[in-house]
Amino acid sequence: MKFRGLIFANLFRKKLRLILTIGSFAVALFLFAFLAVVRGAFNRGADIAGADRLVVINRISIIQPLPLSYRDKILRIPGVSAVTHNNWFGGVYQEEKNFFPQFVIDVENQRKVLPELVVPEDQWQNFVKDRQGAIVGAKTAKRFGWKVGDHIPIKNALFGGASTWEFNIDGIYHSERVGGDESQFWFQWDYFEERMPQSFKGNVGWYVVKLNSPDDAVSVAKTIDDMAANSSYETKTETESAFAAGWVKQFGNIQFLIMTIGTVVFFTLLLVTGNTMAISVRERIAELAVLKAIGFSDRSVLYLVLGESLAIALVGGLLGLGLAAIAVPALGAALNGLLPTLILSKSILLLGLGTALLVGAVSGLLPGIGAMRMRVVNALRRV
């Protein structure tokens with residue numbers, strides 16, 4: 001007789017119990033994959049941030065402006081190779097639900113500081129010449145069906161009262177980094193500045209600083225903050241990764257929340273599966289005793305119980321991860337850019353499957369050891 005035949009015969013002895021146990025694994029692994037994907041989406045900005053870039057914001061808050069005059073001062077600091085400035089725009093396309101990040105950019109320096117966001121040269125040149133031109137990320141262009149040459153109205157109530165701004169799509173950018181942000185919408189500082197109230201002119205939202213070397217980050221950041229100390233516009237300068245991580249923390253401790261939920265789910269799954277295997281072993285005491293009596297070793301009985309547990313974990317894990325592979329892209333499309341790109345990577349799938357098999361092995365270990373230590377005479381006496 002083969003172990004495989006025994007394992008399958010025992011598994012299908014109680015079909016409803018088998019289905020429910022596999023279902024528990026499937027739900028747990030689906031939830032695991034979803035939480036891992038969401039965690040990756042929130043952390044991706046910090047993970048792929050440039051090590052040789054700094055972000056300079058107003059010390060009070062990012063919504064407070066900084067003077068445009070800081071640009072030349074920052075550029076003169078040793079270790080700085082380029083500086084660009086951005087402003088948050090905060091408009092919507094047609095309806096309130098059609099939100100996406102829009103930035104007013106420094107056309108001259110944007111590509112020097114963010115070279116991984118690539119725009120075809122001919123499209124960029126058309127954008128430079130067009131005062132109402134705009135560059136849009138490939139993800140947002142796909143979302144709304146935009147193409148080069150389209151005329152786009154953006155509604156905005158933050159600057160100059162409720163108004164509609166007209167833009168021409170002159171180019172579409174792509175990120176050279178896997179998982180890079182392709183949702184942004186850029187337009188020119190000059191067009192923005194000419195429509196601003198007089199009180200806001202000459203101010204920018206924040207600066208992004210390109211360094212000659214990542215080793216210069218600490219010294220340059222300190223120099224910038226010292227330069228603005230005791231002024232009306234004090235600054236807070238940090239690396240791009242630290243800035244991205246801080247931005248994520250505004251949503252709460254996402255990582256702790258996800259780890260807590262994941263731990264509770266798998267601990268509960270361990271208890272459920274362990275209890276299932278313990279009941280299964282108790283129901284088959286006589287059969288296991290007979291197997292030992294006809295020559296099966298104690299170790300063979302242990303392997304038999306572990307094999308059943310691992311088979312349940314494998315099938316349930318594959319089912320849950322398969323459902324996640326289908327659901328995650330659909331969820332990403334439904335969110336319409338409210339979160340960064342959801343990526344279900346191979347590492348997440350392998351980690352999930354490995355965790356499922358570990359839970360299966362642990363849950364079958366104690367019942368298996370009990371079956372292994374069981375004496376044939378005592379077991380047959382209980383029949």
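Modeller: This is a predicted model, and one cut-off is needed at the outset: a residue is buried under 20% relative accessible area, exposed over 50%, and partly exposed in between.

Colleague: Is Arg195 buried, exposed or partly exposed?

Modeller: Arg195 sits in the loop between helix 7 (189-194) and strand 10 (203-204). Its relative accessibility is 33%, and since values between 20% and 50% fall in the middle class, Arg195 counts as partly exposed.

Colleague: Which residues is Arg195 in contact with, leaving aside its neighbours within four places in sequence?

Modeller: One of them is Trp165, which is 30 residues from Arg195 in sequence, with the two C-alpha atoms 9.7 Å apart in space. With neighbours within four places in sequence left aside, the contacts of Arg195 are Ser163, Thr164, Trp165 and Lys201.

Colleague: Is Ser363 buried or exposed?

Modeller: Ser363 belongs to helix 13 (residues 346-373), and, leaving aside neighbours within four places in sequence, Ser363 is in contact with Leu270, Thr273, Gly274, Met277 and Ser309. Because its relative accessible area is 3% and the cut-off is 20%, Ser363 is buried.

Colleague: Which elements give two or more residues to the lining of the largest cavity?

Modeller: There are 2 cavities of 30 Å³ or more, and the largest holds about 110 Å³ of space. Its lining includes Asn10, Leu18, Met277 and Glu308, and by class it has 4 nonpolar, 4 polar and 3 charged residues. The elements that give two or more residues to this lining are helix 1 (3-11), helix 2 (15-48), helix 10 (254-283) and helix 12 (298-335).

Methods: Residues are numbered from 1 along each chain as its sequence is written. This is a predicted model: local features need pLDDT of at least 70, side-chain atom pairs count only at pLDDT 80 or more; totals for chains, interfaces and linings use all residues. Side-chain values use heavy atoms; hydrogens and water are left out. Helices (H or I, at least four residues) and strands (E, at least two) are DSSP runs, numbered from the N terminus. Buried means under 20% relative accessible area, exposed over 50%, partly exposed in between (1.4 Å probe, protein chains only). Contact means heavy atoms within 4.5 Å. On a 1 Å grid over the protein atoms alone, a cavity is a set of points where a 1.4 Å probe fits but cannot get out, and a pocket is an open set with protein on both sides within 12 Å along at least five of seven lines; lining residues have an atom within 4 Å of a point. Grid points are joined across faces, edges and corners, and a volume is the space filled by probe spheres set on the points. Ala, Val, Leu, Ile, Met, Phe, Trp, Tyr, Cys and Pro count as nonpolar, Asp, Glu, Lys and Arg as charged, and the others, Gly among them, as polar.
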